Amino acid sequence: MSTYQPVKKVTTHTLQEMKNRNEKISMLTGYDFSMAKIIDKAGVDVILVGDSASNIMAGHETTLPITLEQMIYHASSVVRAVTRSLVVVDLPFGSYQGNSKEALSSAIRIMKESGAHAVKMEGGQEIIESVKRILTAGIPVMGHLGLTPQSIYKFGTYVVRAKEEEEAIRLKEDAKLLEEAGCFSVVLEKIPAALASEVAKLVQIPIIGIGAGNGVDGQVLVVHDMLGINNEFNPRFLRKYNNLHDQMLSSFKQYISDVKSVDFPNEKEQY
Ligand code: KIV
């Protein structure tokens with residue numbers, strides 16, 4: 001008799017079941033094969049191929065410059081590494097805001113060329129037609145409200161969003177609209193914890209927070225930030241689980257010293 005046990009893959013339905021039984025959802029960003037392999041092995045539920053790759057991987061100041069082709073490259077590297085996690089990919093700036101036809105063709109390219117499982121889009125009412133059209137094609141969509149980095153030049157700053165009542169009301173309406181359209185989940189970024197908790201109760205779908213407190217259904221962090229690779233980004237919401245910046249720096253320095261002193265390679269490290 002075979003002992004083969006197929007890996008139980010996380011689906012959008014798994015996430016809904018987790019919310020229903022009050023089990024929190026873990027999500028991290030991932031941009032490359034090697035890191036995604038470790039994240040998946042650890043058991044993280046969702047890997048987000050975020051357009052934060054524009055900052056983290058390419059060194060741009062904002063998420064705006066990253067292209068659809070570059071997102072597909074990152075997403076396909078992640079998909080090749082994953083056995084269990086749900087892989088969600090950001091539709092990059094400029095690939096969906098034009099019209100719903102363009103949005104659908106961008107989403108189809110991501111799904112077809114990377115093998116990912118879902119897409120994420122920033123915005124509410126203003127993108128609802130595109131969200132609906134993508135959903136009609138059978139592509140699961142995750143929403144993203146609050147601080148939406150693709151609109152940084154409209155906001156002018158990365159400060160906490162929806163502190164004023166008018167914006168908080170609009171955010172709740174947008175969350176409801178995204179749920180009614182058929183989104184399987186929504187990310188809430190950098191908004192007051194009380195508001196995020198209210199939204200998580202208002203809608204039935206899972207709400208994943210980043211800088212949105214613990215009254216939501218799950219959390220997401222940028223992997224390089226939580227590993228402390230990038231030591232120049234220290235917002236209040238970020239918990240650092242390591243200080244890889246210092247560990248990597250000292251490893252590189254040690255390597256330089258070993259090469260210069262001809263300590264490396266030694267007898268056992270050569271043929
Ligand atoms: O691109 C990204 O990394 C994101 C997360 C911050 C949610 O959208």
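**Helix packing and nonpolar cores**

Helices H8 (residues 165-181) and H9 (residues 193-202) pack with their axes 10 Å apart, at an angle of about 30°. Helices here are DSSP runs of H or I, at least four residues long, numbered from the N terminus. Axes are lines fitted to C-alpha atoms over the stretch in contact, and angles run from 0 to 180 degrees between N-to-C directions. H8 and H9 are therefore roughly parallel, a term for angles under 35 degrees. From H8, the contact (heavy atoms within 4.5 Å) draws on Ala-168, Leu-171, Lys-172, Ala-175, Lys-176 and Glu-179. H9 supplies Leu-195, Glu-198, Val-199 and Leu-202.

This is a predicted model: local features need pLDDT of at least 70, side-chain atom pairs count only at pLDDT 80 or more, and totals for chains, interfaces and linings use all residues. Residues are numbered from 1 along each chain as its sequence is written, and side-chain values use heavy atoms, leaving out hydrogens and water.

Now the interior. A nonpolar core is a set of buried Ala, Val, Leu, Ile, Met, Phe, Trp, Tyr and Cys residues joined through side-chain atoms within 4.5 Å. Buried means under 20% relative accessible area (1.4 Å probe, protein chains only). The largest such core has 61 residues, and Val-131, Ile-134 and Leu-188 touch the most other members. Helix H4 (residues 68-81) gives the most to this core, 6 residues. Apart from it lies another core of 16 residues, including Phe-184 and Ile-210.

Ser-76 also lies in H4. Ser-76 counts as buried because its relative accessibility is 13%. Beyond four places in sequence, Ser-76 touches Glu-113 and Ser-114.

Notes
Buried means under 20% relative accessible area, exposed over 50%, partly exposed in between (1.4 Å probe, protein chains only). Helices (H or I, at least four residues) and strands (E, at least two) are DSSP runs, numbered from the N terminus. Angles under 35 degrees count as roughly parallel, over 145 as roughly antiparallel, 65 to 115 as roughly perpendicular and the rest as oblique.
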